[in-house]
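Visitor: I am new to this structure. Could you walk me through it, one step at a time?

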Amino acid sequence: CVSKSYCRSQASGKVISGEEHFSSKKCLAWFYEYAGPDEVVGPEGMEKFCEDIGVEPENIIMLVLAWKLEAESMGFFTKEEWLKGMTSLQCDCTEKLQSKFDFLRSQLNDISSFKNIYRYAFDFARDKDQRSLDIDTAKSMLALLLGRTWPLFSVFYQYLEQSKYRVMNKDQWYNVLEFSRTVDADLSNYDEDGAWPVLLDEFVEWQKVRQAS
């Protein structure tokens with residue numbers, strides 16, 4: 001990624017390192033380091049990509065990156081997704097992407113961006129022939145997104161473990177985030193007459209029984 005070339009800005013007279021300039025050609029060549037003959041970065045290429053940038057595949061940075069690339073399927077980046085997303089990030093090599101990690105993490109601290117990432121995760125993680133997330137995938141994604149910030153997450157996870165639910169639909173998924181943001185950890189402000197999905201009504205009932213015992 002390091003370039004020996006330099007250019008002089010006519011406006012300011014400053015010397016600018018060539019490595020600061022984004023190159024679509026370099027970005028495409030970078031893509032082909034990981035893409036297969038079908039011009040898609042698949043599971044093997046993704047594993048190598050993660051190794052090169054120094055990030056575990058299950059690290060939340062990879063989810064934020066996929067969101068930035070508007071990737072449709074978990075474990076895959078198409079050429080179009082790569083070029084559009086990396087261009088928006090102005091990244092054409094490993095080092096430039098690594099320099100964006102703090103920015104990618106910061107998206108999780110922005111309420112609006114986090115909500116978009118959370119909603120994106122549902123369609124990103126589900127099998128495309130299914131309208132819902134299987135419950136194991138839902139639990140894994142919830143752990144990634146809410147595990148460190150929602151005080152009730154571990155309790156909710158236990159509830160899902162023993163529940164009858166085998167899938168989570170989009171309405172349930174969206175409402176879990178809203179619940180985590182608006183309902184107190186002691187559930188004292190939970191409105192039983194609110195428009196919550198039955199899954200969350202049953203969770204509250206289950207937890208109150210546990211608290212009373």
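Guide: Phe77 is found in strand β4, residues 77–78, where strands are DSSP runs of E with at least two residues and helices are runs of H or I with at least four, numbered from the N terminus. This is a predicted model, in which local features need pLDDT of at least 70 and side-chain atom pairs pLDDT 80 or more, while totals for chains, interfaces and linings use all residues. Residues are numbered from 1 along each chain as its sequence is written, and side-chain values use heavy atoms, leaving out hydrogens and water.

Visitor: Is Phe77 buried or exposed?

Guide: Buried means under 20% relative accessible area, exposed over 50%, and partly exposed in between, using a 1.4 Å probe and protein chains only. Phe77 has a relative accessible area of 2%, so Phe77 is buried.

Visitor: Which residues does Phe77 touch?

Guide: Contact means heavy atoms within 4.5 Å. Leaving out residues up to four places away in sequence, Phe77 touches Phe31, Val40, Val41, Met46, Phe49, Leu65, Ala66, Leu69, Ala71 and Trp82.

Visitor: How are α3 and α4 oriented?

Guide: Axes are lines fitted to C-alpha atoms, for helices over the stretch in contact, with angles from 0 to 180 degrees between N-to-C directions. Angles under 35 degrees count as roughly parallel, over 145 as roughly antiparallel, 65 to 115 as roughly perpendicular and the rest as oblique. The axes of α3 and helix α4 (residues 79–89) come within 8 Å and cross at roughly 100°. That makes the pair roughly perpendicular.

Visitor: Which residues of α4 meet α3?

Guide: On the α3 side, the contact uses Leu65, Lys68 and Leu69. Their partners in α4 are Glu81, Trp82, Gly85, Met86 and Leu89.

Visitor: What about α7 and α10, how do they run relative to each other?

Guide: The axes of helix α7 (residues 111–125) and helix α10 (residues 170–182) come within 10 Å, crossing at roughly 150°. That angle makes α7 and α10 roughly antiparallel.

Visitor: Which elements do the buried residues of α7 pack against?

Guide: In α7, the buried residues are Ser113, Phe114, Ile117, Tyr118, Tyr120, Ala121, Phe122, Phe124 and Ala125. They pack against α3 (60–69), β5 (133–134), α8 (135–146), β6 (167–168) and α10.

Visitor: Finally, what distance does α7 reach from its first C-alpha to its last?

Guide: The expected span of a helix is 1.5 Å times one less than its number of residues. For α7, with 15 residues, 21 Å is expected, and its reach is close to that, at 21 Å.
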